[in-house]
Each structure stands twice: as C-alpha cells, then as structure tokens.
Amino acid sequence: MWETLAASFAMFAQIDNVVALFAGVMIGTVIGAIPGMTTPMGVALALPFTFTMQPITGILLLLGVYKGGLYGGSITAILINAPGTPAASCTGLDGYPLARKGEARRALDMALYASCTADFISNLSLIFFAGILASFALSFGSPEFFTLIVFSLTIIASVSGDDLLKGLGAAGLGLALAIVGLDAIFGTPRFNFGNFDLMGGLNFIPVLIGLFAIPEVLNFYSKTEAAQKLSALAGRGASLLDYRRAFKTILRGSAIGVILGVIPGIGGAPAAFLSYSEARRTSKNQGNFGKGELEGVAAAEAGNNGVAGATLIPLLALGVPGDIITAIILGAFMIHDLRPGPLMFQQNITLIYALFIGIMLSSAYLFIVGKLSIRSIARIADIPQRILFPVVLVLCVFGAYAINNTIFDVLVMFVMGIVGFGMLRLGIPAAPFLIAFILGPLLEDNFRRSLRLGDGDWTIFFQGWITWFFWGLTVLTLVLIVWQRIKGKSRIPLGDGG
Amino acid sequence: MKLNRNIVAGLCFVGFGALAVALLIPHGIVQPPSVKYRALSPSFWPYIVCSGIAVIGALLLIYELLAAARTKEGAADAAAPATARSAWIAGRPFVVMALLLAIYLTLEFLGFVLTTTLGLVALMPLAGERRPLIVAPVALLLPLALHLFFVKAAQRPIPGGVLDFLLQRI
C-alpha cells in the first residue's frame, strides 16, 4: 500500500505534471469565462496537445481544464449576466444582482471559495467512495431517472420568486422549446417545419446567452442616463465571516453535487439549481434570494463544482463516461492505451493514485488561479455601462456562433433575447424556463423509455426503493412549498400585482 | 380593469398554449404510422406541456380578475405612473432589436469583424458614449481581437466576409 503510494507520488511529482495541471486550470478558467466557449470545447481543444505527453500529464491537463471551466463559467455570469455554462446561470441569479449593487468582488470571492471547497469535497468522495457510489449510479434506470428529474423540477418553485404561476408558465415554455428537434424514439420531426437547422434541436448556449445576457442589454437601452448609473465596484471581497455563514450551505451543495455527479447524464446544472433551491428553502434570508444573496452564490457554485470529482467516479470505477467532458477524457485514456474500469484499479493502481494526488492539488490551483484573476477580472464591473453593454453584445455574437459554427445559433440567441426581454417586462422569471429547457429532454426521454420498458404499465414509475425515495422527496418538497406559501400569504402575493 | 403585466402574461400563456394545441402540434409534429401506446406517441408530451401552459395562463387570469375585484380602489392608486420617460428612451430597445436583425442579416456577407465594428459604431453612441476617441478604438480593435482569438487560438472558422482576404494575412 505505502509502496504504491510512494510510487504514485514519484509518478506525479514531475515538473511536467505540476505545470500541465496549473496550465489546465488557468486555460479552463479563461475558457469558462468566455460566453460561447464551453468547457467541453476547451477540453476538446486541449486534447490534441496531450497526444505526445505522458498519460498522467495529458490527463491532468484535461482535468485542469475541466475544473477551471466549471468555476470560470461563473465569472461572466456574475459580472455581465452572460453565463459561460448552463450551471453558471444559477450563480448569476444572485451574483449579477450583487454585482449591480457594487459587490462583484464579494460575489466572485464567494463563488471561488464555494467552488474550491466543493471541488475538494468532491475529490475526497472520488477517492474514498468511488466503489460504493459507482454501484449506486449503476442502479439508476429510466424510471429512477424520471423520478429524479421530477424531483429536480420542484426547484422551479424556488427560482420563481414570488410569482409561482408565472414561473410554472415559464417552465412550460422551456419544456415546449425543448421539444423542438427529432423525436428520440421514432426519429420523426417535431416543430421543425422543414427547417434543417432545427432538426438537432436548439443548442443550450445560444438559448441561455439569449435568455440572460441580451435582455439585460435591451433593458439597459430602455433606461435613462441617470437610472443607468450604478455604484462603483466596492473593493471589499468576501470575508471569513461570509464564508463561515455560508459554510453549511456549501457543504450541503457539495453533497448534492457529489450525489448527482455520480449519476451519468445529469451534469452540473441540475445540481446547482437543486443546491440553490435547498439553500433558499432553509435560509433565514429567503426573501433576499434572487435579489443579491451571497448564500445563493455559494449554494449554486457548491452544487456545480460538487459534481467535478464525482463525475470521474463512474469513469474511473466503471469506465462509463457521465457527460461529454468525461467522454473526451475517456478518449484521452484510450489514446494512451488505458481503459478505465475495475481492471485499471488492478493493473494501473499507481497511475490512479497519481491522478488522485493531482486532482487534490487541482483544488489548490483553482484557488490560486481564481484569486489571481478576480482582482483584474472584477474591474470589468467598473467599465461604464454605455461601453460595456455594446461590447457584451458583440462578445455574445462571436460566442453564439463559435459553438457550432453556424449563423443560425446567432439568430436563436437574438430571438431568445427578445423573448427574454418580453419576459423581463412581464415579470416572468427566466430561470424556470432555462431549468425546464435543460431537464425537458431528459424528463421526456426517460418517461417514454420507462413506459416502453414496462410495456405501457405505469406502475413501473413506482418500482424499487429509488423511485419511492424520489417520489417521497417530491411530495415532501411540494407540501413544504404549499405550507410556506400559505404561511407567507399575507406577506407574499402569488402574482406581482403588475 | 386595467391591463397589468400579469394579465398580459396570462393572455400570452393561454394564447401560446391554445395556438400550440390547435395548430402547432397537429401541423408541426409528424406522427409515425403506428404507435403501440398513446403515451409513446411523439405528440403526447407536447399536448400535455402545451395544455398545461394554457391552464396556467387561465389560472393567472382568474387570480388577477379576483384580485382586481378585491382591490379595485387600491389598484387605481397603484396604477399611477411613477416616472415619465421620453418616447425616445422607451423606443430605444426597439432600435437595438432592429440593429440585431441588421447584424444577423449582414454577418455572413460582410463578415463578423466588419459587421460588429459597424454595430459598435451604432450601438455605443445609442448607449450614450459619443466620444470618438473611445468609440473608434473599441469598435476597431475589439472585433479584430475577438476574430483573432476565435480563429487562431480556438480554431473556429469565423466568416471574414468582404475582409476575408485581409484577415487571412494576419
């Protein structure tokens, strides 16, 4: 055991590995922060550079990009409400209002602290619970997935703010938009109307940039010069007290991230929203969520980064990639004649332990890179808005195009921007729309697959303890929501009164 | 009763839901020749979702009608406009929307650099930044820098349009 550990440490402690990991985290942070540059894109771009490297060096570079990208997505979400990743749109719910209050640095700091803590916890879970969690993930079939996603949709109540009906309506629109494309079972077109570009459905990134960034730009143009003036960026970052106050939320968010992270196909966005929802439900400052609550930023980032180490569990323990990024990393393993899975733990345990050491170090690197970048990046908030918003618009145009190299995505972004502006004016929250748009395809696919598996028998949704567990959680959450609404009825109206 | 934004939102939801159920789903979803169970049909889920949107819109409208009946007097006070904005300020988002359409239509032909440069030249003064010493460098350098980043570093084929021959030499 100790000999293996010593050999692993010797394998890791090469200057190439240390530099590659640091470079990866830095590249990932920058890529994640650019709207239109996604983390999978960053990992894919870095992949060819790993061909000539040692396996451990190449894989650490890719892991660094992955981890940096998860955090980087939150930077633009906080500063200009243009999230770099779907999960970061949750961070923007409170991060952007904080930036508008002149507390961008505090929000960025909290996002970093929560990210690093959650990443560290997720890494520990990878090291200590890989076997147990992998077998848990394997017991997830379509009915279990369906009930998990139904439970995840209860988040909508939390992110709808005071307008529950409008939030539900927005979620319905998101689900409707997710239908566009080809039917997953029969392959027949749905809402394509003969348009080839719509065959593959709508891409997440143009939709989320359109929904969050463009309405802010349009809204800016609808205000007078006096109303546009914002307080300058305050120099104070998040304090130790802020961190201590949010610590429980970060721990809970990390646990949610770890649990959802091990389940293939879930990703960071549901984890971020679920963590946010739980934080709001249990917070003393419930009313402040969505208006600039630091705990909200911590919850979203903890959930998002909690998946980072956990998504590697099914990859390393079972050889099953949980998402696009881990699929690319699996490719990197295979290029170097390595096949992740139970056999790798027997044949290449030294490499596995060396990777674990690198993964643990990546949390520290994330902290260093984040701290170095925040000071300069936060100055974006100091740029006068009459310059910043036109610049954001141009950045969004390039970013939306760069996803798939298609002008159609730019059109999607503009149309969603105008829809989002209309929603903003009508007081319809955008977050439920996005959550439903992300979860919609998973929900429908698993619903129909389950019914096919069960030969049309609906009782398949109540088979096994996992489905009952999630049904129970869903009912409990709904009861709590109704109870909280009734309790706060005298204070909080269902609608906003126009 | 005044048309507040909750009522408009409710009408939008009802309108979209009804339109989808009556027209979009029957004409926009191709049905396979045979489906074993109704729930497996490609249109089953869309019908559920779009009917739900219409129902939510209807509930919002009913809630608003009941609320308006309860607080008729109070609403009249609350409806008083808080600020008088100029027609120009109120219309500016629509000018920007027209610019977005123009940007989309010219992106491929003029190329990203030229289109976004012209876009910045129009958008920055519209936002209130009229100093040529600020507008000119930002409008010229930012699109060029973004083009170079995406083409050289990220290896994305950003269309150069009419400036393609120049941009390829950089």
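Two residues are in contact if their C-beta atoms, placed from the backbone, lie within 7 Å.

Residues are numbered from 1 along each chain as its sequence is written, and chains are lettered from A and ligands numbered from 1 in the order in which they are written.

I begin with chain A. It holds 22 helices and two strands, where helices (H or I, at least four residues) and strands (E, at least two) are DSSP runs numbered from the N terminus. The radius of gyration of chain A is 22 Å, close to the 23 Å that the globule rule gives for 498 residues, so chain A is as compact as a globular protein of that length. That radius is taken over C-alpha atoms, and the rule is 2.2 Å times the number of residues to the power 0.38. Along the principal axes, the C-alpha atoms of chain A fill a box of roughly 70 × 60 × 50 Å. Of the 498 residues in chain A, 59% are buried. A residue is buried if 20 or more other C-beta atoms lie within 10 Å of its own, exposed if 12 or fewer, and partly exposed in between, with C-beta atoms placed from the backbone.

Ile15(A) lies in helix H2 (residues 15-33) of chain A. Because Ile15(A) has 8 C-beta neighbours inside 10 Å, it counts as exposed.

Next, confidence. pLDDT is the predictor's confidence in each residue, from 0 to 100. For chain A the mean is 84, and 93% of its residues reach 70 or more. Over residues 490-498 of chain A, pLDDT stays under 50. Where pLDDT is low, the predicted coordinates should not be read in detail.

I turn to chain B. Its secondary structure comes to seven helices and zero strands. Chain B has a radius of gyration of 25 Å, whereas a compact globule of 170 residues would have one near 15 Å. Its C-alpha trace spans about 65 × 60 × 25 Å along the principal axes, and 29% of the 170 residues of chain B count as buried. The domain assignment, which is automatic or from a database, gives chain B domain 1 (5-78) and domain 2 (102-167). The centres of these two domains, taken over C-alpha atoms, are separated by 41 Å.

How do the chains meet? The contact takes 64 residues from chain B and 57 residues from chain A. On the side of chain B that touches chain A, the largest share, 13 residues, comes from H2(B).

Among the buried residues of H2(B) are Trp45(B), Ile53(B), Leu60(B) and Glu64(B). Against what do the buried residues of H2(B) pack? They pack against helix H9 (164-179), strand S2 (189-190) and helix H21 (430-453) of chain A, together with helix H1 (5-28) of chain B.

Methods: Predicted model: local features only at pLDDT ≥ 70, side-chain atom pairs only at ≥ 80, totals over all residues.
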